[in-house]
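This short report looks at how two parts of a protein chain meet. Please keep the sequence and the structure in view while reading.

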Protein chains: 2
Amino acid sequence: MARTRLVVVGGDAAGMSAAAQARKRRGPEDLEIVAFERGRHTSYSACGLPYYAGDIVKDWRDLVARTPEEHAKQDIEVRTRHEVDHVDLDARRVRARDLDGDRVVEEPWDLLVVATGSEPLRPPIDGIDLPGVYGLSVLQDGIELRKAVDAGPERAVIVGGGYIGLEAAEALVHRGIPTALVEAAPQVMNRIDPDMGELVSEAVRGIGVELHLEEEVEAIEGDGRVRAVRTAERTLEADLVVLGLGTQPAVGLAEASGIELGQSGAIAVNPRMQTRHDGVWAAGDCTEARHLVSGKPVSYHLGTIANKQGRICGINIGGGYATFPGVLGTAVSKVCDVEVARTGLSEAELVDLGLEWEQAAVDSTTRAGYFPGAAPIRTKVLADPRSGRVLGAQIVGKEGAAKRIDVFAMAIWNGMTVQGMVNLDLSYAPPFSPVWDPVLIAARKAAEQVERSLGEHL
Amino acid sequence: MARTRLVVVGGDAAGMSAAAQARKRRGPEDLEIVAFERGRHTSYSACGLPYYAGDIVKDWRDLVARTPEEHAKQDIEVRTRHEVDHVDLDARRVRARDLDGDRVVEEPWDLLVVATGSEPLRPPIDGIDLPGVYGLSVLQDGIELRKAVDAGPERAVIVGGGYIGLEAAEALVHRGIPTALVEAAPQVMNRIDPDMGELVSEAVRGIGVELHLEEEVEAIEGDGRVRAVRTAERTLEADLVVLGLGTQPAVGLAEASGIELGQSGAIAVNPRMQTRHDGVWAAGDCTEARHLVSGKPVSYHLGTIANKQGRICGINIGGGYATFPGVLGTAVSKVCDVEVARTGLSEAELVDLGLEWEQAAVDSTTRAGYFPGAAPIRTKVLADPRSGRVLGAQIVGKEGAAKRIDVFAMAIWNGMTVQGMVNLDLSYAPPFSPVWDPVLIAARKAAEQVERSLGEHL
């Protein structure tokens, strides 16, 4: 009997998780697995890249969970430096360019996993391709940024104040490089609400980053090499620029090959991670998932989702049955000692969906007020004004603050109301929490808001 | 119209929360509130006492959330040093002894809140009442223990290895006092499973505590003052002894007055915190609550429960409507840098209930493995072998480990299965978690166990 041939396009979290799971369930006598990866590396932590640039992580090899050689030991063949530029859905072949040998190969498949990930947004700004301008998406980007930082730049500018931009800013400041950050929006981290974002802006300024909000970058200037970043208000000198303008699903291959995209612009998949084409699967940043609060398809680019989707894809290819339930948009980050977390929908997202909400934001401490190390934590929760169902939550605070977001994620996941959260049996001891955990205080205040709002509508 | 008169017996978390909530909803023209407290202090954090003894908290006043004077400003009269020794349910009066004046007063009530708390277990061991032997239950105990520690004892023995015993041991070691701990059971912290308890025992030994397991105390020796603790195996010299043998609900007054107790031995209350007697309410450590996994009445003595129950009791007395849903037995503690947490049922509790379970325990790290500060965490989860419903969980690990127990508490609260937890959208970033949070890995392994067990029963 002929072996089934699985081709995986993309050798990071989603693709290689799918390959590994499929292999676990189907031996090499039954399933052949070949993965194509454009870069030199497989299965690495992209989230760790800013920390490698900042010398907090010393060796990039530590970011690699599994090398091509390690995959080979599981009978998963990885062809690195191979870029797949076409998928023939009828003939069931992929065409790949060997980026080193400049050779084109064609490979047949019975099953295909598209795991092409995401790519940094690169708007058509003059000078964006100048040497000295870095993205931070794949491991090679991190290695190159680290080299540039090691070379001792005079002054850096970060363009964009999302997670990556802020983590990069922290890394550069940590390395002693004077750093400015330019953000077009009125706040950094625009996936959280303005009142919470303000706390993060304060933290960013607090570590010495020169922060310019509401300034759009008009051009990156330079002559053979980056020299400055220009906005309408000012010109910021810089011999190092890092782009943190967000990411988009890398769907060029899918589009070119006729693989259907969904409403969000990412590849449409069902909960088993099947595309609308027979034998074609997809997982990770290039796919869309259902948002469990809004019900809408969304495209988030997070390692934790990619790993889960890859695993599910591999289980199904391996003959098992698993489904991806959807996402809440849970995310956490850190700017020096300030932790930031969110889950569910933000105010702006609720406005976009035409939804109303009640909210409460409370200031408390991470530990009992009298316990050494007790630090500020602000907890915000958004709830449906009629039912009290939790719609979203955000936390900004010092050490020990952010992971509490998981309690809200669990509440949303289970359809809980803020009223139903008030008496939750959460853990308490003075080194860990005030006797009323900040999460419970926020839920209680929001429940009072909901009751008040219901009273007004009687 | 005559004012309603509310008498509260017990001036700590439950009693004073009830008083404060009732006052918030009913002004002094409508409701008179008088609270009797045996000690000198009100509304303090009993959980903070070991940290005060250990000089981690410098001033006992910081443990007091609200003094009698502060309560008085809310028109809540507190009579400290008054011990209520009888409740007349028919005549609706309490009798209280003024411990300073040795005077007896009788006071009428329309509504009564019994919040007498819990008291340390003091088995009839020879010498247990010798000077130099300390309990650690009320604030005055903490003040006295601190004085004894400040006096520079030569050698201390802790009797009992529960939360209080371990926290006291850490405090004494922190103060530089050679300390031994004697525990009759084969492990410390017997509310967690033996395999997890072993990690805590290691931590206790690691900070220099001389640990003697499976040794029952036969006598406390001394001549006018404690000199040693004797077990079957050895005699441990000590000029300071701390009792950590657990607590029992303080129901002496309730029993003597004919207030009905429940199966657990604590005062029986409904979810609104009403006893079976008209006008008589009860809240906190002296009452029983429903365990949300076993369905059985239990009596746990934790500040977080007492505060919630007191608040609910006060809302109801104040004319509102609130109910206490029950408890999961969530608890967290810390022995130096080792954090310990649990929720739901342990193996021993499952055995007692005649229930079967599947389990998984996984070793992981608190942060991404490559991130500085990544520390060991062991996560254990117990699940129903047929449905996969989460029955309990335990965590032992270093900084950042224990608060994750709240995710399991949320899972149990919402009746989730381990299978249903595998793809939860929990927060991830390298400084906070591996890409697969230890909670998710444990759930996944337990889900595999459940599937295997179901396969075997086909």
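## Polar contacts and salt bridges

In this predicted model, five residue pairs, both members at pLDDT 80 or more, are found in polar contact across the interface of domain 2 of chain A and domain 3 of chain A. Helix 6 (residues 194-206) of chain A gives four residues to the side of domain 2 of chain A that touches domain 3 of chain A, and this is the largest share of that side.

A salt bridge joins the side chains of A:Arg191 and A:Glu349, with 3.6 Å from N to O.

## The domains and their positions

According to the domain assignment, chain A holds domain 1 (4-39 + 81-119 + 248-317), domain 2 (122-245) and domain 3 (339-452). The contact draws on nine residues from domain 2 of chain A and on twelve residues from domain 3 of chain A, while the C-alpha centres of these two domains of chain A are 31 Å apart.

## The buried area

Between them, domain 2 of chain A and domain 3 of chain A bury about 1,000 Å², and 57% of this area is on carbon and sulfur atoms. Of the area that domain 2 of chain A buries against domain 3 of chain A, 54% is supplied by A:Arg191, A:Asp193 and A:Met196, which is more than any other three residues supply.

Definitions and conventions. Residues are numbered from 1 along each chain as its sequence is written. Chains are lettered from A and ligands numbered from 1 in the order in which they are written. This is a predicted model: local features need pLDDT of at least 70, side-chain atom pairs count only at pLDDT 80 or more; totals for chains, interfaces and linings use all residues. Side-chain values use heavy atoms; hydrogens and water are left out. Domain bounds come from an automatic or database domain assignment. Contact means heavy atoms within 4.5 Å. Buried area is the accessible area (1.4 Å probe) that two parts lose on being put together, summed over both. A salt bridge is a side-chain nitrogen of Lys or Arg within 4 Å of a carboxyl oxygen of Asp or Glu. A polar contact is a pair of N or O atoms within 3.5 Å; within protein, one must be able to donate a hydrogen and the other to accept it, and residues adjacent in sequence count only if both atoms are side-chain atoms. Helices (H or I, at least four residues) and strands (E, at least two) are DSSP runs, numbered from the N terminus.
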